[in-house]
Amino acid sequence: MGVDFIEAATKAIVGADTSDMDLPTLETRNRPSNFVGVKAPMFSFTRLRGSDPVLGVEMASTGEVACFGANKEEAFLKALLSTGFKMPKKNILFSVQSSLENDVTHSAYQLHELGYNLFATKATGEVLQKNGIPCTIVGYPTEKGGDGPNALELIREKEICLVVNVPTHESKRLEDNFLMRRTAVDFGIPLMTNMNLVKVFADAASKHVKGELTGLDPETLFEHYQKETDADAWTKADEYH
């Protein structure tokens, strides 16, 4: 918002004048207009053995990363990558509740257009195929001895680069959903359990592949210092920084 809110709060506490600070009001919109900020949560499900990595009303994150970008998609992808998320390289697994399958169709098509191979559990896969999106149907984790590949085996063998499992209160296959989510976490496979997150990710991935996003390659502070010239530095060479 272009305002030092700590300074404003301090002045308000001591009764000092803040009229010169150009503070936003409740009606202020589109400020700032040249960049967007997105905050992404970080979780510790890998340390909580056996816990279900799905979000509810409780506070589950153990940290957050805030990033800025020229638009929503750029800021979102920067923040997501900063949490340790790895962009999928080849195969993506979809398994969503039936009431969300039409919502996921557009995102699945976007990812298919980017060259990803799509895998899906039976109900989700049938909807995707009906809508003209190529995908390989895989068995549920609790289905043993089937002819085709099993979702759990593909995750364990790291054939899957991203797991999209979006349950709702209507979900009946509770054990299958839990096994897919938990196995993804245990084997270090990126996991998405929110439909809005999937939609924004598909939009951001599309722009990323088209080269419309910049500044997504992270670097350490020391790598930044190596590129920095003496004129760029805000401290003297003999100062610690």
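The model is predicted, so local features are described at pLDDT of at least 70 and side-chain atom pairs at pLDDT 80 or more, while totals for chains, interfaces and linings use all residues. Residues are numbered from 1 along each chain as its sequence is written, and side-chain values use heavy atoms, with hydrogens and water left out.

The chain holds 8 helices and 7 strands, where helices (H or I, at least four residues) and strands (E, at least two) are DSSP runs numbered from the N terminus. Of its 241 residues, 37% are buried, that is, under 20% relative accessible area with a 1.4 Å probe, counting protein chains only. Among contacts (heavy atoms within 4.5 Å) with a separation of 6 or more, 64% are between residues 24 or more positions apart.

Helix H1 spans residues 5-14, and at its start a side-chain oxygen of aspartate 4 comes to within 3.1 Å of the backbone nitrogen of isoleucine 6. After H1 comes glycine 15, which has a positive phi, near 80°.

A search of the whole structure finds 1 aromatic pair, a term for rings of Phe, Tyr and Trp (its six-membered ring) with centres within 6.5 Å, called stacked with planes under 30 degrees apart, edge-to-face over 60 and tilted for the rest. Phenylalanine 85 and phenylalanine 201 form this pair edge-to-face, at 5.7 Å centre to centre and 70° between the planes. The partners lie 116 residues apart and link distant parts of the chain, phenylalanine 85 in the loop between helix H2 (72-82) and strand S3 (91-96), and phenylalanine 201 in helix H7 (residues 195-209). Both phenylalanine 85 and phenylalanine 201 are buried.

Methods. Buried < 20%, exposed > 50% of the residue type's maximum accessible area, 1.4 Å probe, protein only. Polar contact = N/O pair within 3.5 Å; in protein donor to acceptor, adjacent residues only side chain to side chain.
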